[in-house]
Amino acid sequence: MREILYAPWRDEYIKDKEIKGCVFCHISKNADKDEELHVVYRDEFCFIVMNLYPYTPGHFMIIPHTHTDKLEELESDVWLHISDLAQKGVRLLKEGLGADGVNIGMNLGIAGGAGIAEHIHMHLVPRWQRDTNFITSIAQNRVYSTDFLKVYRKIKDLIPSYIS
């Protein structure tokens, strides 16, 4: 048997009620649960939600309210708005969170690596010098160095300064 890493923060994931249908549509339709669902921003076109199982602290996603798996069919004004939020999000991560760099990406379709393929979303992943270490490279595990809710609250507090 391989070594076991204890991850008590995943306990909530196991115990939470399963969401029927598209998880992103569920978040989109439940603005009254933004805190519980870790939404840091929403407007008429899209919302920004913290990735519950992030690659690095501060990893969030920009998601259109429109349920589609086809970027090529997304209305241009929505795509331009997502792009604008991505620019502002990069600035927030660099200046507000102190990231040295940022990975931006969209995995379109199952073959493209999308974990939730039925609803497009853009990832913004903050990066720091030397944030990849042996446990990621060799053991195929990640170490999350800080409390998720602490980072969520910090980013949520920074949103008004960077996204208006």
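**Note on the cores, strand β3 and helix α4**

1. The largest nonpolar core has 28 residues, and Val40, Met50, Phe60, Ile62, Leu93, Leu124 and Ile155 touch the most other members. At least two residues of this core come from each of β1, β2, β3, α4, β5 and α6. A nonpolar core here is a set of buried Ala, Val, Leu, Ile, Met, Phe, Trp, Tyr and Cys residues joined through side-chain atoms within 4.5 Å. Buried means under 20% relative accessible area, exposed over 50%, and partly exposed in between (1.4 Å probe, protein chains only). Helices (H or I, at least four residues) and strands (E, at least two) are DSSP runs, numbered from the N terminus.

2. The model is predicted: local features need pLDDT of at least 70, side-chain atom pairs count only at pLDDT 80 or more, and totals for chains, interfaces and linings use all residues. Residues are numbered from 1 along each chain as its sequence is written, and side-chain values use heavy atoms, with hydrogens and water left out.

3. Leu37 lies in helix α3 (residues 34–37). Leu37 counts as buried because its relative accessibility is 15%. Beyond residues up to four places away in sequence, Leu37 touches His26, Ile27, Asn30 and Val49; contact means heavy atoms within 4.5 Å. Leu37 and His26 are 11 residues apart in sequence and 9.6 Å apart in space, C-alpha to C-alpha.

4. Strand β3 (residues 60–64) is mostly covered, with 5 of its 5 residues buried. Phe60, Ile62 and Pro64 sit on one side, Met61 and Ile63 on the other.

5. β3 pairs with two strands; pairing requires at least two DSSP bridges. With β2 (residues 46–50) the sense is antiparallel, over 5 bridges. Phe60 is the bridge partner of Met50. With β5 (residues 122–127) the sense is again antiparallel, over 3 bridges. There, Ile62 stands opposite Met122.

6. What does Met50 contact, leaving aside its neighbours within four places in sequence? The list is His38, Val40, Gly58, His59, Phe60, Phe148, Val151, Tyr152 and Ile155.

7. Helix α4 (residues 76–96) has 21 residues. From first C-alpha to last it reaches 29 Å, close to the expected 30 Å; the expected span is 1.5 Å times one less than the number of residues. Its buried residues include Val78, Leu85 and Leu93. Their cover includes β1 (39–42), β2, β3, β4 (101–105), β5 and α6 (148–162). Gly98 follows α4, with a positive phi near 80°.
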